[in-house]
Amino acid sequence: MTILSIIDLIAPFHPVLVHLPIGILLLACFFQWLTIRNGYAFLRPAIPVALFWGMIGAVVSCITGYLLALSGEYDETLAGRHLWFGIAVAIFSLIMYVLHRLSINERAARWLSLVLVILIAITGHLGGTLTHGAGYLTAGLSTEGKKQTALKPIPNIQEAAVYADIVQPVLEAKCFSCHGPSKQKGKLRLDSPQSILAGGKDGKVLIPGKADESEMVKRILLPIDDDDHMPPKAKPQLTENEVELLQWWVGSGADFNKKVKELQVTEKVQPVLQTLQSGDKLGKTLTDVPEAPVAKADEKVIARLRQAGVVVIPVALNSNYLLANFITAGPMVDSTLPLLRSLKDQLIWLRLDNTPIGDSALDHVAALTSLRRIQLNNTNITDKGLVKLKSLTHLQSLNLVGTKISAAGLLPLQKLINLKNLYLYQTNVSRNDFNNLQKAFPSAVLDTGKYHVPTLAADTTEIKF
Amino acid sequence: MTQKELHDQRLIREAQDTVRRMHTRRHFLKESAMGLGALAMGSLLGNCGRRHENVMSQPAFDPAHPLLSKSPPFAGKARSVIYLHMAGAPSQLELFDFKPELTKMDGQDCPPSLMEGKQFAFIRGVPKMLGPQAKFAQHGESRAWVSEHLPHFSTVVDEVSFLKSVTTDQFNHAPAQLLLHTGSPRLGRPSMGSWVTYGLGTDNQNLPGFVVLTSGGSFPDAGKSVWGSGFLPSVYQGVQCRSEGDPVLFIKDPHGMSRDMRKASIDAINKANQQEYEEYNDPEILSRISQYEMAYRMQITAPEVMNINDEPEYIHEMYGTKPGKACFANNVLLARKLVEKGVRYVQLFDWGWDAHGDAPYNALNIGLINKYRSVDKAITALLLDLKQRGLLEETLVVWGGEFGRTPMMENRNGNQNPYKGRDHHTAAFTIWMAGGGIKKGFTYGETDEIGYYPISGKVEAFDIQATILKQLGFDHEQFTYPFQGRPFRLTDVGGKVIHDIIA
């Protein structure tokens with residue numbers, strides 16, 4: 001018992017102790033090179049002294065390190081490599097010390113000292129990897145931060161399988177290395193539903209429906225310094241979101257087949273699930289510029305459009321894709337619109353809102369088959385013209401606010417499967433049409449607007465003082 | 001000596017000075033091998049940094065058409081910005097940052113640990129803690145905490161991303177406002193709106209690209225510098241417009257002068273300026289010419305766009321406007337109209353949020369209640385109105401103050417203030433953003449249990465600026481302007497894009 005407790009007492013000092021031999025031995029090597037210059041010749045006697053005490057420090061570090069490794073908290077292969085390099089440092093410094101005592105030739109000693117520096121560097125790096133986790137040196141360089149999530153964005157989170165798409169990737173990234181096909185620490189495997197349910201040496205790890213009592217959740221929630229905390233301190237930890245998801249899955253029955261929408265989404269997990277959704281329905285795809293390269297548009301046409309007061313610019317400096325805005329084009333839009341036809345490969349965003357165009361103008365718009373986004377709000381277009389736009393297969397956003405469009409006029413566009421946003425405020429689309437339209441455009445956000453901000457008593461009263 | 005000779009002489013002297021400066025610098029470098037070595041290393045290391053492929057330099061500044069719409073370096077998600085600044089700094093603890101622990105400490109002496117090494121604007125000695133002066137509840141699907149003071153805004157929390165741990169290093173209004181809007185607490189830097197219009201121009205050449213609207217009865221403490229153009233060409237400074245009377249001062253033709261005569265006189269001035277330009281080649285003269293022309297065009301367009309009276313009654317009711325008066329709600333409605341017409345950057349300042357509690361008008365439970373009421377409906381209406389018009393996806397809306405308020409009750413110069421108030425607090429406050437490709441219904445950052453320090457998600461002014469620029473299509477580190485021999489940027493040497501709140 002006493003021996004055990006002494007081990008427990010001194011083993012934790014290893015990470016502190018190691019810095020002594022590192023410092024002392026590096027100093028010895030440094031002196032070795034300094035003594036090339038005559039001015040520093042007086043340092044020569046100090047070198048073997050430093051080597052000796054550095055060697056003692058290295059031996060002590062090896063012993064404490066070995067004891068620490070016994071705790072089993074560390075990755076065995078990595079800890080083993082670290083240990084052997086540590087021993088190499090100790091032995092090599094001993095050899096150098098002996099050679100110095102036998103007064104070997106200076107040049108050989110200098111090159112040997114370089115070898116020692118390299119050995120120390122490798123040992124130190126391995127030690128660092130053990131305590132801080134793999135990749136700690138470059139962690140500061142990546143923008144991802146220390147905790148990397150194993151989860152990739154999911155296109156439709158509601159339809160995702162909770163176990164296969166969310167839980168398993170987390171377990172795979174954070175648990176499989178010790179509880180998987182290659183290793184089964186604590187006789188536990190987490191790489192299949194059967195093995196998860198079977199549990200490990202200490203019994204079951206999962207009690208479906210009771211996250212707080214399930215060992216695999218409890219261990220993760222223990223403070224990181226606790227010996228029983230999982231994953232071990234040196235290993236990549238679960239992110240807060242991953243913990244939240246795991247708890248939610250176990251808490252709601254640990255079903256291996258259900259989809260997200262079939263489980264009760266709690267308040268806490270809702271925002272986490274939201275972060276998994278790749279982009280939200282708005283936003284991301286809307287500004288998407290096609291990845292396929294496109295030839296440069298005809299500069300002469302662009303110049304003529306600009307002459308007519310139309311803003312025509314590339315969507316980005318290094319892009320050939322264009323956006324056009326007719327906001328200052330004046331009343332002569334109908335005569336400039338045909339010019340757009342020769343930009344049909346490049347033009348992806350078009351603003352024709354608040355212009356006097358009608359259905360006939362949409363003939364020209366229908367030819368612009370690369371369009372992603374178009375604003376036709378507050379124009380004179382009707383259902384008759386809108387039909388023509390079914391040729392715009394890439395269309396993602398369509399703004400029809402303040403036009404005479406009706407639900408019947410929209411239905412022919414239902415083949416535009418990329419349509420994500422349909423703005424229908426102040427149109428002839430009524431609330432009764434809404435359900436039918438949503439069925440026709442299942443993946444689009446339909447916005448009929450007419451939002452109301454009620455006037456409360458407090459809005460119009462002031463506190464007098 | 002004639003005026004011209006005097007001027008020429010000055011020019012020659014300046015040129016000689018410049019040559020001498022060049023000389024001495026070269027001399028210095030030649031003498032100090034260290035210096036050269038360091039320079040060489042700098043340029044070597046510079047190449048080791050981030051790769052800049054696919055980044056083309058900014059479009060060249062065209063002095064004859066300084067406001068023409070330009071492409072951003074990257075395809076941005078937002079095309080315009082509406083920045084709602086509550087000048088005086090609203091209290092996060094009464095609006096968004098719910099701290100039940102603080103209720104328990106209400107009235108107790110402030111623990112010394114919170115005071116050590118701290119400087120406050122007014123608190124001296126040992127202040128008392130002050131619990132939240134509002135009831136809070138969670139709202140929307142995102143379950144965001146909002147207080148009873150914002151009953152309307154709490155219905156639209158699912159549209160916004162809250163930044164709960166914004167921090168600043170300036171505890172006085174003017175420097176803090178300057179830091180937030182110009183990237184430096186001192187005068188002289190261009191404001192964010194100037195940078196944006198410099199980089200993107202604007203879609204509507206009949207209106208200014210950068211409009212400023214103020215309300216609350218006073219200008220922000222930082223004065224007009226907070227929308228100044230600094231060292232950028234002066235055409236990029238914010239144009240202050242009014243929601244009462246003439247939208248732009250002197251936009252009406254003077255009494256007795258017809259529109260034609262006005263045009264003729266502007267033409268004459270421009271002709272004289274053109275001659276001046278041919279002689280001196282100063283690009284600022286071309287900017288001046290284009291500004292005169294824009295002013296003339298604005299005479300026709302501005303009164304129409306700036307007139308909110310043309311809006312239908314239900315829109316007025318939605319925003320809670322007060323026709324004929326200068327107020328925040330009118331400005332917000334005007335901001336929507338301007339963005340709709342292609343204005344790039346609309347900056348609102350609403351003064352009167354400085355809740356010290358030394359008088360009823362700035363007491364948290366008296367005067368500030370009126371402030372909350374004066375903005376709540378309008379802000380909510382803005383988000384919903386932009387949304388239903390399809391403008392929210394391209395318009396970035398930002399709301400916030402220049403810093404936050406302390407969890408302690410202010411005791412001015414050691415004496416208890418007569419009303420409930422809080423001192424300036426730099427370490428943690430709340431700003432929210434919406435639209436323009438920002439996540440919907442999201443909260444980033446958390447403060448400790450009394451809202452004193454951030455415990456996660458800390459962001460600073462530079463980060464907010466970097467994020468706004470990012471949404472407009474800029475890499476804030478590449479977006480620079482050469483001045484006094486070095487490239488300057490809005491975010492100085494700081495700024496990290498807050499990727500977490502980007503959809």
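The model is predicted: local features need pLDDT of at least 70, side-chain atom pairs count only at pLDDT 80 or more, and totals for chains, interfaces and linings use all residues. Residues are numbered from 1 along each chain as its sequence is written, while chains are lettered from A and ligands numbered from 1 in the order in which they are written.

The predictor gives the complex an ipTM of 0.83 and a pTM of 0.69. Confidence in chain B is lowest in helix H2 (residues 33–48), at a mean of 53. It is highest in strand E8 (residues 395–400) of chain B, at 98. Residues 46–57 of chain B have a pLDDT below 50. Beyond near neighbours in sequence, that stretch has seven contacts in the model. A contact requires C-beta atoms, placed from the backbone, within 7 Å. Helices (H or I, at least four residues) and strands (E, at least two) are DSSP runs, numbered from the N terminus.

In chain A, strand E2 (residues 322–325) pairs with two strands; pairing requires at least two DSSP bridges. With E1(A) (residues 311–314) the sense is antiparallel, over four bridges. Here Pro314(A) is bridged to Leu322(A). With E3(A) (residues 347–351) the sense is parallel, again over four bridges. Leu322(A) has Leu347(A) as its bridge partner in E3(A). Both faces of E2(A) are covered. Leu322(A) and Ala324(A) are buried on one side, and Leu323(A) and Asn325(A) on the other. Buried means 20 or more other C-beta atoms within 10 Å of the residue's own, with C-beta atoms placed from the backbone.

In chain B, the axes of helices H8 (residues 259–280) and H9 (residues 283–305) come within 9 Å and cross at roughly 170 degrees. H8(B) is therefore roughly antiparallel to H9(B) (angle over 145 degrees). Axes are lines fitted to C-alpha atoms over the stretch in contact, and angles run from 0 to 180 degrees between N-to-C directions. The contact includes Ile266(B) and Tyr277(B) of H8(B), and Leu286(B) and Tyr292(B) of H9(B). By class it has eight nonpolar, three polar and three charged residues. Ala, Val, Leu, Ile, Met, Phe, Trp, Tyr, Cys and Pro count as nonpolar, Asp, Glu, Lys and Arg as charged, and the others, Gly among them, as polar.

Between the chains, 47 residues of chain B contact 39 residues of chain A. H12(B) (367–388) and H10(B) (313–319) each supply at least two residues of the chain B side. H12(B) gives the most, with ten residues. The chain B side divides into 16 nonpolar, 17 polar and 14 charged residues.

Methods:
A residue is buried if 20 or more other C-beta atoms lie within 10 Å of its own, exposed if 12 or fewer, and partly exposed in between; C-beta atoms are placed from the backbone. Two residues are in contact if their C-beta atoms, placed from the backbone, lie within 7 Å. Angles under 35 degrees count as roughly parallel, over 145 as roughly antiparallel, 65 to 115 as roughly perpendicular and the rest as oblique. pLDDT is the predictor's confidence in each residue, from 0 to 100.
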